[in-house]
Amino acid sequence: MSLIAENIRVSYGKREALRGVGLTALPGEVTAIVGPNGSGKSTLLGAITASLAYQGRVSLNGRCVERMKPWELAAIRAVLPQASRLAFPFTVIEVVRIGLQSGTAGDRPEVPMQALARVGLAHYAHRTFQELSGGEAQRAMLARVLAQVWAPVEDGQPRWLLLDEPVSSLDIAHQLQVMEIARDFARAGGGVLAVMHDLNLTALYADRVAVLADGERLAFGTPAEVLTDETLSRAYGCALRVSATPPSGVPFILPHAASA
Amino acid sequence: MAALSDIETIPHHRETRANTLHWALAGALVLSCFASLQVGATDVTLSTMLAKLIHGETLSQIERVVLFDIRLPRLAMGVLVGAALAVSGAAMQGLFRNPLADPGIVGVGAGAGLGAILAIVLGTLLPAWLIDLTGNQLTPFAAFLGGWGSTILLYRVSTRHGRTSVATMLLAGIALGALAGALSGILVYIADDTQLRDLTFWGLGSLAGASWAKVFAAGPMILLAIGVSLTLGRGLNGLALGEATAAHIGIDVQRMKSTGILAVAGATGAAVAVSGGIGFIGIVVPHLLRLASGPDHRTLLLNAALLGATLLILADMIARVVIAPAELPIGIVTAVLGAPVFLWILLKRRGLVEL
């Protein structure tokens, strides 16, 4: 009952974007993928969600993803893309309902509104999606994704949130809100796999972190194990100093302390 | 959280409106059908005929011919073609994720046109037995084949490893349309005067040649294609979020796209075959409906069929009445009425173009 990616290889033309990367994400945990720009973070998520052609093996709750039908997959995992362009003037609530059409909460009409309330957009339900700011659109899409897998555990099986940079265009309050939502989903028994840009949010909210650099996995473990001076400096190609907050020992990285 | 329970009770505005619209449009369609049977080049009207029937009188020979052999098949063809053009427009816009896409744009219309022109100009060169066999069905049949052929070619060009690129398909459609147009131009150049006149009338689009034979030739294909299109609503809604997201919410995107393309080609090919180039129905009808009741394809496709049929019947009435006893090709009426509406939509929602 976990999400396992093994030996994932992806090539864009001649360039190898991923060279045999694997990771295991467990239900009940937030697993983060971090790494510098172009390290293959989003490509790895793209392979795991079968959005692009890859070699290797991905299994979800013990079943090989390639052998599952789109609707079977949609019932146990939802995917938040980095950016969404909507082709037609749907309202926010209509967009969230589209996520529900294929999910198993289809017979629960109250779910979309609850999902919007969860991301703090209940009052925007009847605006058109195109009117939203970048950050609001990202949260509205998160609501759609949440509605699709509203119950973190169903029929004894964990369900999965796969998030591609879920906080990239959000202010700090909403960054924390979205990360809380992800953590709550995991605490309730679901699994979360998120591509993250912000190392400090990763340290705060992730249970396990995969560090990618140049298409390979540099490290995989708890934030305390992985977010070290050595690993990060190697991954990002600049000297980084990791500190720790006094009581809990959560690692944090100050750009002030970095030197090229 | 107190506010949340209030919000939950808000009705689904646009969904309700779209469902009301089903009935309103169905009513409008019925009314325009009666109106269409009522008026025409002769003084024969539906109301006098109905009055006669109610009083137990029999209809005259002329009345019977006008009603059953002229106006009814023309009405049936108008309903079929109008619904086919509007539904295939709505479906194509959904498939291409572009509110400006139209079957005319991807070369289906041009391919069908090439087929028709081939039949008109070179049809006389066919062996006599084949001409006898096909009769007046030769042109529609050739147009239909041309539409199918161009769709299949288009699909081959733009599909690789089971994936269709919408951008490649649009561009390939433009190239195919240009090629079909050029070949048609060569044929027009070698056509004689009678053929040129036929070509002009066919190209402008008209329901004037309506007959039961044409209705039965195009009807099954159009009804099948519309029926298939109506099942695409959920998939097209998902596709509006992007191809990747559509797949993530459980839609078999490749299958949906190929089904949709076949349905669109079938409806457009059959419609163009029997009526020539009737423009703007496929692009204006879905736009008006999106303005009225939102872009949800589950209701949009059915409403498009109803409104498309209604508008085409009304346009045909105008075409028959304005210069009676002669009549205008209906393509002129739909262009005169449709093009300004289309431009108005563009002015009002310029953002749509940038999608």
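In this predicted model, B:Leu337 has a relative accessible area of 47%, and this residue therefore counts as partly exposed. B:Leu337 lies in helix H16 of chain B, and together with B:Ile318, B:Val322, B:Ile323, B:Ile332 and B:Val336 it forms a nonpolar patch on the surface, the accessible area of these residues coming to about 500 Å² together. Helix H16 of chain B, which covers residues 330-348, gives three residues to the patch, and this is the largest share.

Among the contacts in chain B with a separation of 6 or more, 78% are between residues 24 or more positions apart.

Chain B also meets chain A: 36 residues of chain B are in contact with 31 residues of chain A. The size of an interface is often given as the accessible area lost when the parts come together. Between chain A and chain B the buried area is about 2,800 Å², and carbon and sulfur atoms give 62% of it. The count of salt bridges between the two chains is zero, whereas five residue pairs are found in polar contact across the interface. On the side of chain A that touches chain B, the elements that give two or more residues are helices H2 (70-76), H3 (92-102), H4 (111-118) and H5 (134-148), along with strand S6 (77-80); the largest share, seven residues, comes from H3(A).

| Salt bridge | Closest N and O atoms |
|---|---|
| A:Arg9 and A:Glu16 | 3.5 Å |
| A:Arg118 and A:Asp184 | 2.8 Å |
| B:Glu327 and B:Arg74 | 2.7 Å |

The salt bridge of A:Arg118 with A:Asp184 links distant parts of the chain, since A:Arg118 is in helix H4 and A:Asp184 in helix H6 of chain A, 66 residues apart. In chain B, B:Glu327 lies in the loop between helix H15 and H16, and B:Arg74 lies in helix H4, so this pair ties together parts that are 253 residues apart in sequence. B:Glu327 is partly exposed, at a relative accessible area of 28%, but B:Arg74, at 8%, is buried. Through salt bridges that share partners, B:Arg74 and B:Glu327 are joined with B:Asp316 and B:Arg320 into one network.

Terms used
Residues are numbered from 1 along each chain as its sequence is written. Chains are lettered from A and ligands numbered from 1 in the order in which they are written. This is a predicted model: local features need pLDDT of at least 70, side-chain atom pairs count only at pLDDT 80 or more; totals for chains, interfaces and linings use all residues. Side-chain values use heavy atoms; hydrogens and water are left out. Patches are made of residues with over 30% relative accessible area and no salt bridge: like charges are joined within 9 Å, nonpolar side chains (Val, Leu, Ile, Met, Phe, Trp, Tyr) within 5 Å. Accessible areas come from the Shrake-Rupley method with a 1.4 Å probe; for residues, only the protein chains shown count as cover. A salt bridge is a side-chain nitrogen of Lys or Arg within 4 Å of a carboxyl oxygen of Asp or Glu. Helices (H or I, at least four residues) and strands (E, at least two) are DSSP runs, numbered from the N terminus. Buried means under 20% relative accessible area, exposed over 50%, partly exposed in between (1.4 Å probe, protein chains only). Contact means heavy atoms within 4.5 Å. Buried area is the accessible area (1.4 Å probe) that two parts lose on being put together, summed over both. A polar contact is a pair of N or O atoms within 3.5 Å; within protein, one must be able to donate a hydrogen and the other to accept it, and residues adjacent in sequence count only if both atoms are side-chain atoms.
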